[in-house]
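Trainee: I would like to learn how to read salt bridges in a model. Please take me through them one at a time.

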Amino acid sequence: MKLIHVPSIGPDSWRRLLARPEKQWETGYSARSLAYCWEAADGFPPEITAALAQVSSFEKIRPLLIFPEWKVSLPGGRAASQNDVWVLAKAGADLVSIAIEGKVDEPFGDPLEVWQGDASPGKVERLGYLAEVLGLSEPIPKTIYYQLLHRAASAVIEAERFNAAQAVMAVHSFSQSNRWFPEYQSFARLYGVEAEIGKTSTVRVGSGMKLHIVWVHGEEKYLNSVRRQIEVD
């Protein structure tokens with residue numbers, strides 16, 4: 001990943017960063033909904049602000065830098081973890097690493113039972129690394145979705161790289177039925193947490209760092225007829 005980043009000139013700037021823009025950049029899908037929502041906010045969207053405000057040390061948190069489609073390298077393969085949004089924020093004197101996973105109806109990739117496949121050496125290495133970073137005991141249940149693991153790990157990895165004190169992994173869902181929320185709940189239960197929509201939970205990862213996890217519900221107006229509705233606003 002190059003170290004030089006070009007500033008956004010609007011939501012459509014996000015399109016070229018997608019792995020498969022011809023498929024992912026459509027009205028009603030998370031990539032487009034997320035781009036229009038975050039660009040309209042020009043900072044944290046209100047639902048993200050509300051989720052972060054539940055953490056006492058985040059009372060005056062503010063974003064310093066916001067990067068769409070931020071890649072975080074992982075061992076055991078060439079594919080990086082591509083975060084829909086990654087934010088370097090500041091809360092008081094501390095830096096905070098925030099990884100955002102956007103969702104509408106798209107699943108969290110594959111469950112481990114499918115992703116592991118023939119359990120190649122690279123996948124074994126990568127899963128072991130993710131478990132170590134997240135402070136999870138192996139074997140991780142095969143019903144857990146791989147994308148949730150590497151998204152949460154991304155927040156922690158970047159926190160350590162930028163010397164941030166805490167990390168956040170938020171699922172920013174624009175699904176009106178909160179589709180795939182049960183899969184997120186299963187991930188949270190790995191830490192003994194019973195997740196609720198909009199409720200931020202705090203867990204400890206392998207390094208002892210605090211990781212805050214939350215599922216937030218995005219506004220419906222960013223889901224359909226995005227351009228027309230934003231212009232009306």
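Trainee: Is E101 buried or exposed?

Mentor: Buried means under 20% relative accessible area, exposed over 50%, and partly exposed in between, with a 1.4 Å probe and protein chains only. E101 has 3% relative accessibility, so E101 counts as buried. A word on the source: this is a predicted model, where local features need pLDDT of at least 70 and side-chain atom pairs count only at pLDDT 80 or more, while totals for chains, interfaces and linings use all residues. Residues are numbered from 1 along each chain as its sequence is written, and side-chain values use heavy atoms, with hydrogens and water left out.

Trainee: What is a salt bridge, and how many salt bridges are there by this rule?

Mentor: Side chains of opposite charge can pair when their charged atoms come close. The rule asks for a side-chain nitrogen of Lys or Arg within 4 Å of a carboxyl oxygen of Asp or Glu. The count is four salt bridges.

Trainee: Which residues are linked with E101 in a network?

Mentor: Salt bridges link E101, K103 and R151 in a network. Between K103 and E101, the closest N and O atoms are 2.5 Å apart. K103 is buried, at a relative accessible area of 3%. For R151 and E101, the closest N and O atoms are 2.6 Å apart, and R151 is buried as well as E101.

Trainee: How far apart are R189 and E194 at their closest N and O atoms?

Mentor: They are 2.8 Å apart in this salt bridge. R189 is partly exposed at 42% relative accessibility, and E194 is partly exposed with a relative accessible area of 44%.
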